Amino acid sequence: MDSPPRSRPPATLASLAAEIGVSRTTVSNAYNRPDQLSPQLRARVMEAAARLGYPGPDPVARSLRTRKAGAVGLLLTEQLSYAFRDPAALAFLEGLTLECDTARVGLLLVPARPGSDDVSGVASAAVDGFVAYSMPDDDPHLHAVLSRRLPAVICDQPALRGTDLVGIDDAAAAREIAEHLVQLGHRRIGVVCMRLGRARRDGPVDLARQQQAHYHVQRHRLAGLRAGFVAAGVAWDRVPVVEQFDHSLEAGARGAAAVLAMDPGITALVATSDVLAMGAMQELARRRQRVPEDVSVTGFDGVRAALDLELTTVVQPSLEKGRQAGRLLLDPGRTARGRRVVLPTALTPGRTTAPPRI
């Protein structure tokens, strides 16, 4: 009986180098530093690799040797799918990815679900640094990131001494919304805000909870609204503020319904995100209340869907936030820590605000 043919052992870096008569360094450079070889030599190496079935240098071995993972971690305070559903988060992710592409490094998404204390994903992430996207100040995942003593950049929140931050002036931007509504003549206003803490909670929130919110962005936006309305003589304790844990159109609709249950006579509804604002508009339409003739509506973020609806909103540069966070993290000359990048915003009046009905 004929014996089966012997299979050729898998090619290695050393056997490939011997096959084509070059050094192992030349083969390694063909993959890791192609600029060090002529196009003709690199093409010769890659053709031989394909012919012999050489898959390339072992990435695990390379990372052990160089002590570099070749990737950065993006810490999200949500399920991973949130990054692809939320329009502001998606724009941020695009900006960060653009910088990773430029630096030729990968991006690893690391979820940090609210209410979960399991930080094993952070501890085991093979990355060279982290970007933390919009975290509450008491999140254990954030503290696990900082304890690893890798380069880290925070986007939006929280602002921590000694850690780089990219964000906007949320309080000043929100105050512009309040001043816009006041100038139109509104005095009976309701607010729907995003979650203020890690624990699930929906419904009215008092001033103490607003001021103690662990999500600093929401705390600052509420403070800016409060400052603008109080300066115009609107008593803040007469303004119904409703918190929604989920960030969705459905949550915006529920929040609007809760505000209207507390004060059916409001003439303006402020949402601290465009997604919540668009959900609120759906609830108003269901009630056959016209926007802006019966109730004016404002948002925050400037996402494409909101701008297409001509929603009055604050436009913030979410994509540029991602780019700036990536630049800070990947800056090869990075020495200082605690740098601050504050990006500009713009109040963009649309067709969803008008003077109150008489």
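This is a predicted model: local features need pLDDT of at least 70, side-chain atom pairs count only at pLDDT 80 or more; totals for chains, interfaces and linings use all residues.

Q: Which residues make the contact between H2 and H3?

A: On the H2 side, Thr26, Val27, Ala30 and Tyr31; on the H3 side, Leu41, Arg42, Val45, Met46 and Ala49.

Q: And what about H1 and H2, at what angle do they pack?

A: About 110 degrees, with the axes of helix H1 (residues 13-20) and H2 8 Å apart. H1 and H2 are therefore roughly perpendicular to each other too. Leu13, Ala14, Leu16 and Ala17 in H1 meet Arg24, Val27 and Ser28 in H2.

Q: OK, switching to strands. What order do the 6 strands of the open sheet come in?

A: E2-E1-E3-E4-E5-E12, with parallel pairing.

Q: Which strands stand at the edges?

A: Strand E2 (106-111) and strand E12 (340-342). Each has a single partner strand, so one side of each has no neighbour in the sheet.

Q: How many degrees are neighbouring strands turned against each other?

A: 20 degrees on average, ignoring direction.

Q: Can you zoom in on one pair?

A: Take strand E1 (residues 71-76) and strand E3 (residues 130-133): they run parallel and are joined by 4 bridges. Leucine 74 stands opposite valine 131 in E3.

Q: Which helix packs on that sheet?

A: Helix H15 (residues 318-330) does, touching E1, E3, strand E4 (152-155), strand E5 (164-167) and E12. The direction of H15 makes about 165 degrees with that of E5.

Q: What does E9 pair with?

A: E6, in the parallel sense over 4 bridges, and strand E10 (residues 296-298), also in the parallel sense, over 3 bridges. Valine 192 stands opposite alanine 271 in E9, while leucine 269 has valine 297 in E10 as its bridge partner.

Q: New topic: how many residues are in the largest nonpolar core?

A: 64 residues, and Leu225 and Phe229 have the most contacts inside that core.

Q: What does phenylalanine 229 touch?

A: Leaving out residues up to four places away in sequence, Ala178, Leu181, Val182, Ile189, Val234 and Trp236.

Q: Tell me about H11, then. Which of its residues are buried?

A: His216, Val217, Gln218, Arg221, Leu222, Gly224, Leu225, Arg226, Gly228 and Phe229. They pack against helix H9 (170-184), strand E6 (189-194), helix H10 (207-211), strand E8 (241-244) and strand E9 (268-271).

Q: What span should helix H11 have?

A: At 1.5 Å a residue, the 16 residues of H11 (residues 216-231) should span 22 Å. The C-alpha atoms at the ends are 22 Å apart, which agrees.

Q: And what follows H11?

A: Glycine 233, which has a positive phi, near 90 degrees.

Notes:
Residues are numbered from 1 along each chain as its sequence is written. Side-chain values use heavy atoms; hydrogens and water are left out. A nonpolar core is a set of buried Ala, Val, Leu, Ile, Met, Phe, Trp, Tyr and Cys residues joined through side-chain atoms within 4.5 Å. Buried means under 20% relative accessible area, exposed over 50%, partly exposed in between (1.4 Å probe, protein chains only). Contact means heavy atoms within 4.5 Å. Helices (H or I, at least four residues) and strands (E, at least two) are DSSP runs, numbered from the N terminus. The expected span of a helix is 1.5 Å times one less than its number of residues. Two strands pair if DSSP finds at least two bridges between them. Axes are lines fitted to C-alpha atoms, for helices over the stretch in contact, and angles run from 0 to 180 degrees between N-to-C directions. Angles under 35 degrees count as roughly parallel, over 145 as roughly antiparallel, 65 to 115 as roughly perpendicular and the rest as oblique.
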